[in-house]
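I opened this model to look up a few items in turn and note what I found. The entries below follow the order in which I checked them.

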Amino acid sequence: MTPFPPPGLLPFRADLWFAARLMPMFTKRNDLEPLLLLATPAAGTRTFEDLDADTIVAAVKAVVARPWRMRGRRCLREGLLAFHYLTLAGHAPLLHFGVIPQSLRSPKTSAHCWVSIGGDIKLNPPRRAMHELFVYDGKTSVPTGRPTLGEIVDNHA
């Protein structure tokens, strides 16, 4: 089961609306890897090719503008949705994940995710200095050349 309707079953905005409503149920029960796999359409699937990246990003932001669930993880919800629909439109998005180094000393670690296309951040640019942990391209995690989590903790201890 997936939060995303089968490609082509519904018009874009209806498809996105249903996915946004179902996403909280899936993020609550899954680790990040299964979520990434759910958000990755099958290779070669192109359903919304007539949509440009800015239209998709604006629609994603609008559909989750007033969340009643996943308030503390809005960037994850938006990132997974944008990644999915940008890929279905034929774009090559990257989903970035990072952590705020100072938060590693606190009881609650602060993480963030954002989406880029061709080096241009399209959704949720980081507002604070962040150590990028990895980038997901739809197939693999791409090494970022950044320090590992262990190195960040060691350097700031």
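Entry 1, aromatic pairs. The model is a predicted one. I searched the whole structure for aromatic pairs and got seven. Phe4 and Tyr85 are both buried.

I then noted that Tyr85 also pairs with Phe48; this pair is tilted, with 6.1 Å between centres and 45° between the planes. Phe48 sits in the loop between helix 2 and helix 3, and Tyr85 in helix 4, so the pair ties together parts 37 residues apart in sequence. Are Phe48 and Tyr85 buried or exposed? Phe48 has 6% relative accessibility and Tyr85 has 0%; because the cut-off for buried is under 20%, I logged both as buried. I also recorded that Phe4, Phe12, Phe48 and Tyr85 make up one aromatic cluster.

I asked how many residues the largest nonpolar core has. The count is 36, and the residues with the most contacts inside this core are Phe12, Leu16, Ile56, Leu80, Leu81, Tyr85 and Leu95. Helix 1 (12–29), helix 2 (32–39), helix 3 (53–63), helix 4 (74–88), strand 1 (93–99) and strand 2 (111–117) each supply at least two residues of it. Helix 4 gives the largest share, nine residues.

I listed the contacts of Leu80, leaving aside its neighbours within four places in sequence: Phe4, Met23, Thr27, Leu35, Leu36, Ala39 and Leu95.

I found Glu132 in strand 4 (residues 131–136). Its relative accessibility is 11%, so I logged Glu132 as buried. What does the side chain of Glu132 make a polar contact with? The partner is the side chain of His96, at 2.4 Å.

I checked the backbone and noted a phi near 60° at Asn124, a positive value in a residue other than glycine. Most residues other than glycine have a negative phi. Asn124 is in the loop between strand 3 (120–123) and strand 4. I logged Asn124 as buried, because its relative accessible area is 13% and the cut-off is under 20%.

Key
Residues are numbered from 1 along each chain as its sequence is written. This is a predicted model: local features need pLDDT of at least 70, side-chain atom pairs count only at pLDDT 80 or more; totals for chains, interfaces and linings use all residues. Side-chain values use heavy atoms; hydrogens and water are left out. A nonpolar core is a set of buried Ala, Val, Leu, Ile, Met, Phe, Trp, Tyr and Cys residues joined through side-chain atoms within 4.5 Å. Buried means under 20% relative accessible area, exposed over 50%, partly exposed in between (1.4 Å probe, protein chains only). Helices (H or I, at least four residues) and strands (E, at least two) are DSSP runs, numbered from the N terminus. Contact means heavy atoms within 4.5 Å. A polar contact is a pair of N or O atoms within 3.5 Å; within protein, one must be able to donate a hydrogen and the other to accept it, and residues adjacent in sequence count only if both atoms are side-chain atoms. Rings of Phe, Tyr and Trp (its six-membered ring) pair if their centres lie within 6.5 Å; planes under 30 degrees apart count as stacked, over 60 as edge-to-face and the rest as tilted.
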